[in-house]
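Please read them beside the coordinates.

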Amino acid sequence: TPVLGALPSRTPTIPAAVAIAAARDVAVTEHGMGERLAPRVALGVFAPGGPTLVWSVDVTTRTPMTAWRIFVDATTGEVLGQEQRLFNAQADVYASNPAASELEEVELPGVGATLRNDYAYVRSCTDFDQQTWVCSGKEQQATPDSIGDYFFEPNPTSLQDPFAEVQVFFHLDVVASWFDDRFGFRTNFGGAGQAVEGVVNFELANAFYGDVDDDGLPEVSFGQSGSVDYAYDADVVYHEFGHAVFGSVVETGNGRWDDVGRLVAAGALNEGSADFFSMAITGDPRVGEYAGGGFGGAGAIRDLDADRHCPTDIYGESHVDGEIWGAFGWNLIEDELLGAEVAAELIYGALNAWGSEPTFRAAGQAVLQAADDLVESGNLGGAQRARVQEIAELAGMTDCGRIIRLDEGQEPKQGTFGGRGQSGPRGLPLPNQFSLDAPEGTTEVRFYVAEWLTTNADLEFTVSVRRGDYVVHEQPEGGGGGGGGGFRAPVPVTFDFQVEAAEAGRIVRLNANSDPPLEPGATYFFAVVSRPNDDLTGFAQAEITLRGEVDIEALAGDDDDSAIDGDGDGCAACQDSVAGPGGSASGLGLILVGALARKRRR
């Protein structure tokens, strides 16, 4: 309630009648029809943003029955804010989702005739283009009953579903107020502290954060697959709002390449942070238990309870790579010394310290810096700080690099792409390179592609090998950026030799008799780039599994002196080659909020 006397001057420059008219206009526009009681007006002080002399106007509506206090600037006539004075609307919602909770009655704070308050605003899309993902028309399906409540039966298979609007509104209000209460963060979509808009009830087996209505401002949008409505899953609502937070706090650049290969950390940290904030609110490492059914399966889209490690678990797709950051965050949340509140302070604090092209290592170091800041402010103890360090080191977050060692039997998987378009063939380097130590006394080094799964057999690959240092990549002149039609990915420019191959097998074998011969005493590095052959048209995806071997003793009876078996054809005829499937892999489709199903190492 405004307190008169906080200003040196109590003299308004606009009359009370003007303020009443402005308050009535807000009531009719936003809250309902008719007027139950005559407005009451008084001078006061409105504190948010600095003390301001205001007219405090109490207005009411008849249908639905509501009462509001509207604050009108007494010198300009601008409406500065409002608060509900009678009651909050009631509604039924799922506390989490239909797979994990029952409907329960809740309050919808600050709601009148529209599903709108200071934090959230939700409508349905009436005209959605599935090719462009643009909504050309919106309407509100959920209207209050005679006493202002929003009770509707769920109807997840229909696009005429007022319940979807109510469910998203409630959870947008939860997550937006959670960020405001803890960090003072408010979304800024066209105005300071403007409510985030949610869009529901359109055909799309997905949910996303972006400008769905092409008005220049981002929204959070939740499609419906015909069997699953993504608006029904609170995890998905929290996740997409997490993208809004990330997009507001972190300014990532457009560069997605460097001299090592393809950069994936920025997208992965975006996805992993969105998952983290969902888990911090729900206390559950399973993200999207209900929404996961929209991808033809059952269970959660992602389960972040299992440990991941950087860089071993980097795959090359943002949602999969985001599991590294998300699992690290869950380990902070479930730790007895830390918990969700401390973990949230650490991760949110880290977001503000990332550069324009964040790496996993930089993200991990930023968490440690956030922990140091909390220790300095007296909000974190020494034992807690040590535990943060331990969890970060176990996840590889403190020194995560771009080279995966293959000396201890590792078999990392990586996803890649390739295609041929108007700009010609387009192959992509993997996000990581790989190494094998060959100390003095080494007699043979072997590098395998254990599996090469691709949606098109005309997508092949090239292995570049270098002794002593990583393979250097460089973007061709005029290569462009950002993935436009003229984009050309960086290619290896500094290496000792290359091998072109088309399928799984033993790709490189170096010994004293090979050409080039093995030179013990150093480390060998291997970089892989996808390569469309002349017959490939369109776009293809692939998954590659790598393995390496080093011998200290000579192989008895083996006189093969070829560094490259099978003339670069994947070593299909070699007796000791790795048997691996080639050809198509039609199940490799990557979806925006899902991940390729596969086995992972703990």
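1. Cys 310 and Cys 400 form a disulfide with an S to S distance of 1.9 Å, where a disulfide is a pair of cysteine sulfur atoms within 2.5 Å. The angle about the S-S bond is -60°, and the link of Cys 310 and Cys 400 is left-handed. The pair links distant parts of the chain, 90 residues apart: Cys 310 sits in the loop between strand E15 (302–303) and helix H5 (318–334), and Cys 400 in the loop between helix H8 (382–394) and strand E16 (403–405). Helices (H or I, at least four residues) and strands (E, at least two) are DSSP runs, numbered from the N terminus. Both Cys 310 and Cys 400 are buried; buried means under 20% relative accessible area, exposed over 50%, and partly exposed in between, with a 1.4 Å probe and protein chains only.

2. On the source: this is a predicted model, in which local features need pLDDT of at least 70 and side-chain atom pairs count only at pLDDT 80 or more, while totals for chains, interfaces and linings use all residues. Residues are numbered from 1 along each chain as its sequence is written, and side-chain values use heavy atoms, with hydrogens and water left out.

3. The disulfide count comes to two. The other link joins Cys 125 to Cys 135, S to S 2.2 Å, and is right-handed, with 120° about the S-S bond. Cys 125 belongs to strand E7 (residues 120–125) and Cys 135 to strand E9 (residues 134–135), so the pair ties together parts that are ten residues apart in sequence. Cys 125 is buried at a relative accessible area of 6%, and Cys 135 is buried at 3%.

4. For the chain as a whole, there are eight helices and 27 strands. Of the 602 residues in the protein chain, 52% are buried. Contact means heavy atoms within 4.5 Å. Among contacts with a separation of 6 or more, 70% are between residues 24 or more positions apart.

5. Strand E2 (residues 52–61) pairs with strands on record here as E1 and E3. Two strands pair if DSSP finds at least two bridges between them. Strand E1 (residues 40–46) and E2 are antiparallel over seven bridges, and Arg 40 has Asp 58 in E2 as its bridge partner. E2 and strand E3 (residues 66–73) also run antiparallel, joined by eight bridges, with a hairpin of four residues between E2 and E3. Bridge partners here include Trp 55 with Val 72 and Val 59 with Trp 68. Nine of the ten residues of E2 are buried.

6. How many residues of E3 are buried? Eight of the eight are, so E3 is largely enclosed by the rest of the structure. Both of its faces are covered, with Thr 66, Trp 68, Ile 70 and Val 72 on one side and Ala 67, Arg 69, Phe 71 and Asp 73 on the other. Five bridges join E3 to strand E4 (residues 79–84) in the antiparallel sense, and Val 72 stands opposite Val 79 in E4. The hairpin of E3 and E4 has five residues between the strands, and Gly 77 in the turn has a positive phi of about 85°.

7. A nonpolar core is a set of buried Ala, Val, Leu, Ile, Met, Phe, Trp, Tyr and Cys residues joined through side-chain atoms within 4.5 Å. The largest has 90 residues, and Leu 108, Leu 172, Phe 179, Phe 222, Trp 354 and Phe 360 have the most contacts inside it. Helix H2 (residues 162–183) gives the most to this core, with twelve residues. A second, separate core has 29 residues, including Leu 406, Leu 436, Leu 459 and Ala 540.

8. In helix H2, 18 of the 22 residues are buried, so H2 is largely enclosed by the rest of the structure.

9. Asp 321 is in helix H5. Is Asp 321 buried or exposed? Asp 321 counts as buried, at 0% relative accessibility. A polar atom of its side chain lies 2.9 Å from the backbone nitrogen of Gly 316. Leaving out residues up to four places away in sequence, Asp 321 touches residues including Val 264, Ala 268, Tyr 315 and Phe 360.

Conventions
Polar contact = N/O pair within 3.5 Å; in protein donor to acceptor, adjacent residues only side chain to side chain.
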